[in-house]
Amino acid sequence: MSQTRKQNSSNGETKPRTSFVNKFFRGSKLTSSKTGSRKETNDIETTDFQPSNDAKETTTLDTVAMLPLLPDLETLDISWNDFVGGTLRSITQQMHLVSKLKILRLGSCRLTTDDVRALGEALEAIPELEELSLSWNSRVGGNLPLILQKFQKGSRIHTLELVDCDLTSEDGTFVGDLLPMMQNLEVLDLSINRNIGASLNSIAQGLRSTSNLKVLKLHSCGLSQDSVRLLDAAFRYLCELKNLDLSCNKELGGGFEDSSAQLAALEHLEVLDLHQCSLTAADVASLTQVIPLLSRLQELDLSANRKMGSSSENLLSRLRFLPALRSLLVNGCALESETFTALAEASTYLPALEMVDLSWNKCVGGNLKLLLEMLKFLTALRVLRLSSCALVTEDVALLASVIQAGHLAKLQKLDLSYNDSICDAGWAIFCQNVGFLKELSELDISLRPSTSRDCGRWFRHLLHAVAKLSKITEIGLKRWILPTSQEEELEHFQQDHRGSIHFDLGEGQ
């Protein structure tokens with residue numbers, strides 16, 4: 001489900017009833033198990049439909065009218081629809097007719113307190129429910145017991161998503177008490193509920209009863225140093241955990257110093273996200289002993305932890321013990337030359353790496369040759385981000401040579417933006433060789449917001465190169481100024497390629 005609401009599809013006009021029904025079915029997802037083939041016609045997903053006030057009642061009635069016709073319904077997704085708010089009771093009153101429902105998604109529906117109460121009453125009628133998503137409904141906060149209090153021990157729920165629901169500390173305590181009833185739980189997402197940090201003791205106690213849990217997301221939940229200790233005690237019971245997200249908890253810094261030992265017990269962990277957690281040097285030292293033991297780790301995000309820059313040499317060096325690592329994000333970590341060197345050396349032992357983000361680390365500038373030696377071994381690399389790395393002309397010239405040698409043959413996204421020290425000659429060399437990146441779909445060489453420059457003759461080389469790239473769709477050129485002659489060249493190029501490539505020149509061009 002996308003977290004970004006699309007533009008309102010209703011212009012406020014009232015259309016005939018049949019139009020609403022047709023619109024409803026085109027965008028909806030109701031999955032019925034009645035036919036073994038599960039044809040597309042049985043899939044209805046009413047996402048992103050906000051009818052006018054006059055049509056609100058009609059649309060809800062359409063929804064209600066369909067439920068008796070689908071007794072084998074398994075999936076009902078009416079997320080991102082404002083029309084649901086205030087009218088859910090009329091839908092939940094029909095829930096007994098779809099008692100085989102397994103998936104119910106009501107994200108961003110502007111649910112009211114009465115909607116919340118009605119949903120709680122209806123859940124008894126759908127005992128086979130396995131997935132419940134109520135994310136982005138602020139009225140869930142303070143009212144969570146009204147929804148979930150009738151869950152019984154042995155509940156079939158394996159996915160519970162309550163992102164940005166304005167949950168209170170009391171709600172957090174309730175979740176902790178409820179977790180022992182949900183022994184089949186595999187996915188728990190409580191992200192962006194900053195008040196539940198105060199009740200993490202209860203949640204951590206409850207987690208000890210969820211041995212099947214595979215995904216735990218506590219992004220931006222107001223966690224503290226003490227929260228790490230509480231979670232660490234629970235980790236020994238979460239042997240199946242594959243995805244752990246503790247990101248954007250800025251008070252977490254310092255908590256790993258004495259409380260990270262049990263993290264090593266998560267032997268199946270594949271994703272660890274600790275970005276923007278204000279990690280300290282002591283945290284990094286502690287994690288250095290643990291992270292290399294997570295042999296199945298595939299994605300590691302340590303970005304936006306600026307205090308780890310000078311203390312992460314040993315940690316980055318020991319990443320060589322993670323052969324399955326596919327994604328490494330250390331952007332905005334204030335890395336220093338020694339730590340960058342350690343990373344470059346370790347990366348030669350990481351053949352599975354597909355994504356590397358070193359953006360906003362100034363030490364890369366003038367030292368890219370270290371990274372380029374690494375790139376020769378990263379044959380699977382698909383995404384490389386070097387934004388605002390203080391790159392110089394020599395760096396992009398070396399990058400061009402690596403591209404020409406075919407070492408980045410699978411690269412799909414390349415970000416070199418905000419590197420304003422590269423002269424026109426450097427960009428010319430780079431643009432002459434970018435055509436060798438046959439899989440490239442996105443390229444960004446935009447300038448910083450505070451600067452602007454005239455495009456040099458390299459722009460013609462760029463057009464000539466991308467004309468050979470069949471998969472390129474996006475080129476970032478913000479704040480590069482095109483003279484009239486180059487604007488005409490670009491216009492002719494777009495006509496020849498039917499506008500299949502978007503050149504983002506920013507505002508004013």
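Keep in mind that the model is predicted. Confidence comes first, then. Mean pLDDT for the chain is 88, with 88% of residues at 70 or more. One stretch to treat with care is residues 1-28, where pLDDT is below 50. The model still gives that stretch 49 contacts beyond near neighbours in sequence. Residues 47-56 also stay under 50. There the model has 40 contacts beyond four places in sequence.

Now the chain as a whole. It has 509 residues, and 52% of them count as buried. I count 16 helices and 19 strands. Take the contacts between residues at least 6 apart in sequence: 86% of these join residues at least 24 apart.

Start with α4, residues 113-122. Which of its residues are buried? Asp115, Val116, Ala118, Leu119, Gly120 and Ala122. And what do they pack against? Three elements: α3 at 88-92, β3 at 103-105 and α5 at 144-148.

A reminder on helix geometry. With 3.6 residues a turn, residues three or four places apart in an α-helix point the same way. Keep that in mind when you look at the buried positions on screen.

On to α6, residues 169-178. Buried here are Asp171, Gly172, Phe174, Val175, Gly176 and Leu178. Their packing partners are α5 and α7, the latter at 200-207.

How values were computed. Residues are numbered from 1 along each chain as its sequence is written. This is a predicted model: local features need pLDDT of at least 70, side-chain atom pairs count only at pLDDT 80 or more; totals for chains, interfaces and linings use all residues. Side-chain values use heavy atoms; hydrogens and water are left out. Buried means under 20% relative accessible area, exposed over 50%, partly exposed in between (1.4 Å probe, protein chains only). Helices (H or I, at least four residues) and strands (E, at least two) are DSSP runs, numbered from the N terminus. Contact means heavy atoms within 4.5 Å. pLDDT is the predictor's confidence in each residue, from 0 to 100.
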